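This report covers selected strands, a helix and a pocket of one protein model. The sequence and structure come first.

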Amino acid sequence: MKLPRISLPPAPIVPTARTLVLLTLLAPVAVVIAATAPGAWTVAPAATLTVLLVAMIDGWLAGGLSRFDFHAPPDAEVGQAAQLRVEVELAGAGPAHPEASIGFDPRLGEHGKLTFPLLPTDVPGRFAGSAPAVPLRRGTGELTDLWLRWPGPLRLAARQRHVALDAAIRVWPDLSPVRSPVLQHFLRDSQFGTVARRIRGEGTQFEALSEYEPGMDRRRIDWKASARHTALYARENEAERDNQIVFAFDCGQAMCEPVDGLPRIDRAVSAALTAAYVALKGGDRVALFGFAQQPRLMTPFVTDTRAFHRLQSAAADLDYSVGEPNFTLALATLAARLQRRSLIVLFSDFSDPTSAELMVESVERLVRHHLVIFVTFTDTELDELADVDPDTMTDIAVAVSADSLARQRSIVLQRLQRLGVAVIEAAHDRIGYQVIDRYLQTRAAEAIG
């Protein structure tokens, strides 16, 4: 996005911190003069007026703002830098470099503000600078204000201009793992090429009949077809395709807590989209499902990588919630919408035994008809609190509580495993690859259909 060049009226002059320091230092001097030489009391006011006059002249010498350009990308990915750039042209500018500050929606960066210097360009009087804004949440982040400030030669005063911005950056899920060289190299394998190769002789899905030759597995002989053709024929199978994969996201309070600077739900979306891309390359069908207090999102099944952008757009609309998720309603709704056995990858977390119990009961009903993979993030903060060396009674109480919560968490995950649920618990930077590994293992075992 680029704002048009605009001619602006003269910017107001404001004192700098250097001027305020000088005026502050004049106060005790005035007290000393008044105490030692009362007749010379006019020296202090004269010095103050002199400083102010010099500051005004310095601000006048700073020059005026002739034009400016503001550049911002229309789109960005959560956790990935988006460069904001400002270019200004100053008339009669002094030697001091100007400074820019941009105010925006807090989802676009920490503290909702970004300040950076503007450096000289090859053109006299023109300055330019840029700085990265790192979005913290998905959605549309508004860019609201631009402040420009450039001091005079003595840095006693500066000119300052505020401009209201009418711009926005659309923040999408992070797809950097999909573009990573490691994953792209993996997808160049013959099984996951642009047109996936059919693997005959493996799997359970019938592909064709061929004449039996010595050395073939005798269990592959189709006796009925052989009787009809009065010759031995063997079945050729291929790995089953067109499996249904559903990535389900808990958008409740626990999943909105940050891990390494980003909410868990954003880490989960990035991992799920990476795995979804691999599944589409393998010939399977993928859908997304999101819920909090009630179901919020259920996309149609996507069958080709050319429609991957639909999954990305849907994932960008997954909102954050401060309430507890309703697992009973959400998973029952999901089960009712699935017409055949599917692989459900559930990204969730839990903070108390009550919500964990409701989640386990809902997953138990779901696993009767579908294959479920439960994905959660390693709670490093809880582990650190449990392992800290206690120095006070408060430290002991915190460590005991953290250890108790960690044990309850372990018990819940063990209960899920006993139900037949595959559990993945890992750090956020490993979750995506572990989901892909588990999906490929499940697919190779023909366990989905």
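In which sense do strand β4 and strand β8 pair, and over how many bridges? The model is predicted, and in it β4 (residues 82-91) and β8 (residues 126-133) pair in the antiparallel sense over eight bridges. Opposite E87 stands A128 in β8. Both strands belong to an open sheet of four strands, with antiparallel pairing and the order β2-β4-β8-β7. Its edge strands, β2 (64-71) and β7 (119-120), each pair on one side only.

Strand β16 (residues 285-291) is mostly covered, with six of its seven residues buried. Two of its pairings are listed below.

| Pair | Sense | Bridges | Residues facing each other |
|---|---|---|---|
| β13 and β16 | parallel | seven bridges | Q244 and R285 |
| β16 and β17 | antiparallel | three bridges | F291 and P295 |

Strand β17 takes up residues 295-298. Three residues lie between β16 and β17, and the two strands form a hairpin. Strands of a sheet pair through backbone hydrogen bonds, either parallel or antiparallel.

**Helix α12**

Helix α12 runs over residues 428-444 and has 17 residues. From its first C-alpha to its last it reaches 25 Å, close to the 24 Å expected at 1.5 Å a residue. The buried residues in α12 are I431, G432, V435, I436, Y439, T442 and R443. Why do they lie on the same side of α12? They cover an arc of only 135 degrees around the axis, which puts them on the same side of the helix. An α-helix has 3.6 residues a turn, so residues three or four places apart point the same way.

The cover over the buried residues of α12 includes the helices α4 (181-187) and α6 (264-281). It also includes the strands β13 (244-250), β18 (343-347), β19 (371-377) and β20 (422-426). Just after α12, E446 takes a positive phi of about 55 degrees.

**The second largest pocket**

About 260 Å³ of space lies in the second largest pocket. Its lining has 17 residues, and those closest to its centre are D174, P177, S270, H428 and D429. The elements that give two or more residues to this lining are α3 (176-179), α6 and α12. Which element gives the most to the lining of the second largest pocket? Helix α12 does, with six residues.

Definitions and conventions. Residues are numbered from 1 along each chain as its sequence is written. This is a predicted model: local features need pLDDT of at least 70, side-chain atom pairs count only at pLDDT 80 or more; totals for chains, interfaces and linings use all residues. Side-chain values use heavy atoms; hydrogens and water are left out. The expected span of a helix is 1.5 Å times one less than its number of residues. Buried means under 20% relative accessible area, exposed over 50%, partly exposed in between (1.4 Å probe, protein chains only). The arc is that of the directions from the helix axis to the C-beta atoms. Contact means heavy atoms within 4.5 Å. Two strands pair if DSSP finds at least two bridges between them. On a 1 Å grid over the protein atoms alone, a cavity is a set of points where a 1.4 Å probe fits but cannot get out, and a pocket is an open set with protein on both sides within 12 Å along at least five of seven lines; lining residues have an atom within 4 Å of a point. Grid points are joined across faces, edges and corners, and a volume is the space filled by probe spheres set on the points.
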